[in-house]
Amino acid sequence: DQQVKQNSPSLSVQEGRISILNCDYTNSMFDYFLWYKKYPAEGPTFLISISSIKDKNEDGRFTVFLNKSAKHLSLHIVPSQPGDSAVYFCAASRYSGNTPLVFGKGTRLSVIA
Amino acid sequence: KAGVTQTPRYLIKTRGQQVTLSCSPISGHRSVSWYQQTPGQGLQFLFEYFSETQRNKGNFPGRFSGRQFSNSRSEMNVSTLELGDSALYLCASSQEGASGEQYFGPGTRLTVT
């Protein structure tokens with residue numbers, strides 16, 4: 001049973017436009033959500049997180065939106081740059097219960113110059 | 001601060017053998033988690049160690065084991081290797097524990113032939 005789902009395996013966006021990566025979860029006990037970026041031959045790098053008490057968190061070009069009623073979160077990258085081309089993983093946990101992060105399978109973003 | 005380091009980076013083993021992977025966390029981080037990433041799959045949680053004690057365990061067979069030393073360095077062992085164990089093994093350290101922000105190493109690419 002996949003608790004965190006990223007239904008789009010890949011996404012292509014033109015440089016300068018908005019990239020929107022989506023993630024759905026099924027476990028209503030999750031209260032902490034994160035996005036990671038992964039380049040080939042490197043480990044995942046933390047991008048941005050959001051707790052369930054918020055519905056939006058921004059950090060520079062990256063914004064994460066959380067819709068708890070729909071059990072859906074999204075990552076917006078504006079403007080997209082070629083260096084953003086990577087695999088993006090969504091992750092979730094029960095922070096209060098110290099349960100480990102559950103990851104989605106990832107979405108490969110290609111930003112075309 | 002130095003990041004998370006993993007050794008070796010690449011490893012080729014034969015079915016039936018055993019393997020030990022090593023991870024040095026970021027200085028001051030007492031939580032070390034291990035993940036397995038296989039093609040087309042997201043990161044799957046193996047286990048977490050905190051202050052030399054296993055605090056969380058994923059859904060993997062007993063052939064997968066680990067330990068943590070007093071300096072927070074961790075090792076992961078896989079016995080009786082199977083072809084399906086071929087994967088990227090990622091180690092992550094954290095100040096908060098397995099449910100919070102994780103800092104990943106570059107991974108060890110294990111190939112079982």
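Contact here means heavy atoms within 4.5 Å. The model is predicted.

Start with Gln6(B). This residue is found in strand S1 of chain B, residues 5-7. Setting aside neighbours within four places in sequence, Gln6(B) is in contact with Ser22(B), Cys23(B), Trp34(B), Tyr89(B), Leu90(B), Cys91(B), Gly105(B), Pro106(B), Gly107(B) and Thr108(B). Gln6(B) is buried, and its relative accessible area is 4%. Two backbone nitrogens approach its side chain. That of Cys91(B) lies 3.0 Å from a polar atom of the Gln6(B) side chain. That of Gly107(B) lies 2.9 Å from a polar atom of the Gln6(B) side chain.

Stay in chain B and turn to Ser72(B). The loop between strand S7 (64-68) and strand S8 (74-78) of chain B holds this residue. Ser72(B) counts as buried because its relative accessible area, 13%, falls under 20%. Beyond neighbours within four places in sequence, Ser72(B) is in contact with Pro25(B), His29(B), Arg30(B) and Val32(B). With His29(B) there is a polar approach: the backbone oxygen of His29(B) lies 3.4 Å from a polar atom of the Ser72(B) side chain.

Next come the charged pairs. Side chains of opposite charge can pair when their charged atoms come close. Over all chains, the count comes to seven salt bridges. In chain B, Arg63(B) forms a salt bridge with Glu82(B), with the closest N and O atoms 3.6 Å apart. Arg63(B) lies in the loop between strand S6 (53-57) and S7 of chain B, and Glu82(B) in the loop between S8 and strand S9 (87-94), so this pair ties together parts that are 19 residues apart in sequence. Arg63(B) also forms a salt bridge with Asp85(B), where the closest N and O atoms are 2.8 Å apart. Asp85(B) lies in the loop between S8 and S9 of chain B, and Arg63(B) in the loop between S6 and S7, so this pair ties together parts that are 22 residues apart in sequence. Through shared partners, salt bridges join Arg63(B), Glu82(B) and Asp85(B) into one network. Arg63(B) and Asp85(B) are both buried. For Arg63(B) the relative accessible area is 16%. Glu82(B) is partly exposed, at 42%.

Chain A has a salt bridge between Lys56(A) and Glu58(A), whose closest N and O atoms are 3.7 Å apart. Lys56(A) is partly exposed, with a relative accessible area of 41%. Glu58(A) is exposed, with a relative accessible area of 52%.

Now look at Arg61(A). This residue sits in the loop between strand S6 (56-59) and S7 of chain A. Its relative accessible area is 22%, and Arg61(A) is partly exposed. A polar contact of 2.8 Å joins the side chains of Arg61(A) and Asp84(A). Leaving aside neighbours within four places in sequence, the contacts of Arg61(A) also include His76(A), Ile77(A), Val78(A), Pro79(A), Ser80(A) and Gln81(A). The C-alpha atoms of Arg61(A) and Gly83(A), 22 residues apart along the chain, are separated by 13 Å.

Together with Ile18(A) and Ile20(A), Val78(A) makes a nonpolar surface patch of about 220 Å².

Leu66(A) gives a buried counterpart in strand S7 (residues 62-67) of chain A. Its relative accessible area is 7%. Not counting residues up to four places away in sequence, Leu66(A) touches Tyr25(A), Phe33(A), Ile50(A), Ser51(A), Ser52(A), Lys54(A), Asp55(A), His72(A) and Leu73(A). The C-alpha atoms of Leu66(A) and Pro100(A) are separated by 20 Å.

Pro100(A) points on to the interface. Chain A and chain B bury about 1600 Å² between them, 55% of it on carbon and sulfur atoms. Asn98(A), Pro100(A) and Phe103(A) supply 30% of the area that chain A buries against chain B, more than any other three residues. The contact takes 20 residues from chain A and 23 residues from chain B. How many salt bridges are there between chain A and chain B? The count is zero. Eight residue pairs are in polar contact across this interface. On the side of chain A that touches chain B, strand S4 (32-38) and S9 are the elements that give two or more residues. S4(A) provides the largest share of that side, four residues.

Terms used
Residues are numbered from 1 along each chain as its sequence is written. Chains are lettered from A and ligands numbered from 1 in the order in which they are written. This is a predicted model: local features need pLDDT of at least 70, side-chain atom pairs count only at pLDDT 80 or more; totals for chains, interfaces and linings use all residues. Side-chain values use heavy atoms; hydrogens and water are left out. Patches are made of residues with over 30% relative accessible area and no salt bridge: like charges are joined within 9 Å, nonpolar side chains (Val, Leu, Ile, Met, Phe, Trp, Tyr) within 5 Å. Accessible areas come from the Shrake-Rupley method with a 1.4 Å probe; for residues, only the protein chains shown count as cover. A salt bridge is a side-chain nitrogen of Lys or Arg within 4 Å of a carboxyl oxygen of Asp or Glu. Buried area is the accessible area (1.4 Å probe) that two parts lose on being put together, summed over both. A polar contact is a pair of N or O atoms within 3.5 Å; within protein, one must be able to donate a hydrogen and the other to accept it, and residues adjacent in sequence count only if both atoms are side-chain atoms. Buried means under 20% relative accessible area, exposed over 50%, partly exposed in between (1.4 Å probe, protein chains only).
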